[in-house]
Amino acid sequence: MMKRILALTVAAMMVAGVVAGCGGAGSGSGGGTIKIGMIAPMTGDVKTFGESTEQGVLLALEQHKNKAGGYTIELVKGDDRNDPTEGVNIATKMITQDKVKAIIGSVSSKVTIPISEVANAQKVITITGTSTNEKVTMGEKGRKPFVFRACFIDPFQGLVGAKFALNTLKAKTAAVMYDKGNDYTVGLAEQFKLNFEKGGGKVVAMETYAQADSDFNAILTKIAGLKPEMLYLPDYYNKVSLIAKQAKSKGLNVPMVGGDGWDSTDIDYATLDGQYFTNHYAADDTRKEVQTFVKDYEAKYKKKPDALAALAYDATLVLLEGIDNAKSDDTEKIRAAIQGLKNFSAVSGKITYDEKGNPIKGAVILQVKAAKSFKFVETVNP
Amino acid sequence: MAPGQGGKPPALANPSLGGQFNVKLAEQLLNGLQLGFVYALIALGYTMVYGIIRLINFAHGDVFMIGAFLFFFGFNVWGLPWWLALPLSMVLSAAIGMAIERLAYRPLRERGAPRIAALITAIGVSLFIEYFTSLKFVFSANFRVVPRPFEDTRFVIGGLGISTVQIFVIATVLVLLAILQFIVYRTKIGKAMRAVSVDQDAARLMGVNVDQVISFTFGLGSALAAAAGCLFALAYSQISPFMGIMPGLKAFTAAVLGGIGSIPGAVLGALIMGEAEVLTAGYLTSNYRDAIAMSLLIVVLLFRPAGLLGKAIREKV
């Protein structure tokens, strides 16, 4: 018995020693370096989102020469394959092993939500460029103080989609299809329905599917029978291309409206020709910040930046500005500095954070063109 | 029902509403047939392998995926005509299926490993294939778009809409089922397969080369799964290394529902699964699509633990 207690005590001390050792190594390694992590889907169903995100982040860091607030910024990269489990694994590894002070990412709300929970609990800052679900910054117990984003949120995007459908498309009936396992699509779909019906429209069908589904014939046959004047498809480009193709073969030729998940060069332009989606910014916007960014990005990557790149760039700028203003590697101070930003001029608009960590700014409507481009249609303000 | 090109005002009289309902139902049943037939091709592989060596080959859904990729490479990268890419994919996948059996399962069988070891190995093989093929230099984890080799036209016959792809999928499956029927019941190797499924030892004593028969069964099952993969790629035009998981799982469920080990059972189970999914999505709510299909399995197993056509009809292959 005594032996066992002794053994337990020794074990406990060893564990304590290891933990203390870790803590010491983390805070003592001043040397003027702050490590930040970048988590994005570099492979999988939304890989172009990851690529754009990485390019945006790298461009912002390069322009700041990897410096902020007197510290050298070191970037650690991770691929989450758009999978929440994988995202949490990488975030945990970055926080416990790499000792990052902040994480930029991820792209999808479903991945960012669990990451932000983990990071917030460890007082590590998370800034996502593109996760638009409300739950990213708001947890079960209220605001997650260490989490911010560079984009507007789902209710706003659903509202803009509904307003556009009612006022510009003059649609009175709509059918909605969304992935029930994805917080992002659920959020947009619900907000669209709410606002579309508030504005006098009628949602004739709210149909769901799972991420692994490829066959939408049954749902589309049912929807075609209800004869809606438009379809609201708030999923990512891959799924939307698939649904749109099958919708056509079911004889469902109505306007389709979606969210920022459509913003990819891998979207099926031919099938979705003439359809609309809400987005964060338009490359043909004439604001100075946009034009400078587009020029720099094109010089570096030889292509036009999409909204993912713009928002990742903005998220990085926000973080660097926060570190600059805090002049510290203490995440409490950086957090306070970001929360205190006033009209910080970024590519996707002027950023001021509300008490929920969401920036207050407008949205644009883009139209898909078969000639592989997106055309700016109009801006909708909050 | 035809795409609303104005013209006729919608008829609201009662009889035509009833007619419309029936046409819609027929169209949904057709959707279910397409889905169920694709499941059936995969389910056949599960059921044949189980019938012969009592192994649930979890890697089967991944052979389906490989089949789809080989088809894609065949006509999109190697430049073959698509009608040649399909049988080629079947042949290559059959070889891969046989290789899996030879490398992963036969060594276990020869050493008399318990059945659970073979099952776990099957799961391992499945994960290996999924993650190996999602490496950058193999297929990579990205989705690929498979261009349609022929235009998908929608025909409307008396209000009933049917597309070229649907006709092609259903016709191909019918042809393959006929070929399978012929192989199993009209050829020597088919006879040997049936013999092995009844009693392996007795079959061996009668001079049947059991290992060869098992290998052939894997090849046959894999070829059918590959065909399903090709049809899937044609119909939905998106493929990825993880595409086999869900159809594989559903086909396995279908095989169990119909009575695992029974060939007609697999087809019946798959058709029931396909129709159940489609009708749930079409007339109840798409929210419970998979839940209802799976509940169906539980209910059937409660009353017929061996599945619909299992055991009672002793026709295992």
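This is a predicted model: local features need pLDDT of at least 70, side-chain atom pairs count only at pLDDT 80 or more; totals for chains, interfaces and linings use all residues.
## Helix α8 of chain A

After α8(A) comes Gly251(A), a residue whose phi is positive, near 75 degrees.

Is α8(A) mostly covered or mostly exposed? The helix is mostly covered, since 11 of its 13 residues are buried; among them are Tyr237(A), Val240(A), Leu242(A) and Ile243(A), and the list also includes the residues Lys239(A) and Lys245(A). The partners of these buried residues come from two chains: in chain A they pack against β9 (173-179), α7, β11 (230-232) and β12 (256-258), and in chain B they pack against α8 (210-236) and β4 (238-239).

## Where chain A meets chain B

The contact between the two chains involves 27 residues of chain A and 30 residues of chain B. On the side of chain A that touches chain B, at least two residues each are supplied by β10 (202-209), α7 (217-226) and α8 (237-249), and the largest share, 6 residues, comes from α7(A). Sorted by class, this side of chain A has 6 nonpolar, 11 polar and 10 charged residues.

## Two packed helices in chain B

In general, a pair of packed helices is described by the angle between their axes and the distance between the axes. For helix α9 (residues 245-258) and helix α11 (residues 289-303) of chain B, the axes come within 9 Å and cross at roughly 25 degrees. Because angles under 35 degrees count as roughly parallel, α9(B) is roughly parallel to α11(B), and the crossing in which α9(B) passes α11(B) is left-handed.

Which residues make this contact? From α9(B) they are Thr253(B), Val256(B) and Leu257(B), while α11(B) contributes Met294(B), Leu297(B) and Val300(B). By class, the residues of the contact of α9(B) with α11(B) comprise 5 nonpolar, 1 polar and no charged.

## A proline in helix α10 of chain B

Pro264(B) lies in helix α10 of chain B, which runs over residues 263-283. Since a residue counts as buried with 20 or more other C-beta atoms within 10 Å and as exposed with 12 or fewer, Pro264(B), with 16 C-beta neighbours inside 10 Å, counts as partly exposed. Although Pro264(B) and Ala40(B) are 224 residues apart along the chain, their C-alpha atoms are separated by 9.6 Å.

Key. Residues are numbered from 1 along each chain as its sequence is written. Chains are lettered from A and ligands numbered from 1 in the order in which they are written. Two residues are in contact if their C-beta atoms, placed from the backbone, lie within 7 Å. Helices (H or I, at least four residues) and strands (E, at least two) are DSSP runs, numbered from the N terminus. Ala, Val, Leu, Ile, Met, Phe, Trp, Tyr, Cys and Pro count as nonpolar, Asp, Glu, Lys and Arg as charged, and the others, Gly among them, as polar. Axes are lines fitted to C-alpha atoms, for helices over the stretch in contact, and angles run from 0 to 180 degrees between N-to-C directions. Angles under 35 degrees count as roughly parallel, over 145 as roughly antiparallel, 65 to 115 as roughly perpendicular and the rest as oblique. A crossing is left-handed if the near helix is turned anticlockwise from the far one by less than a right angle, and right-handed if clockwise.
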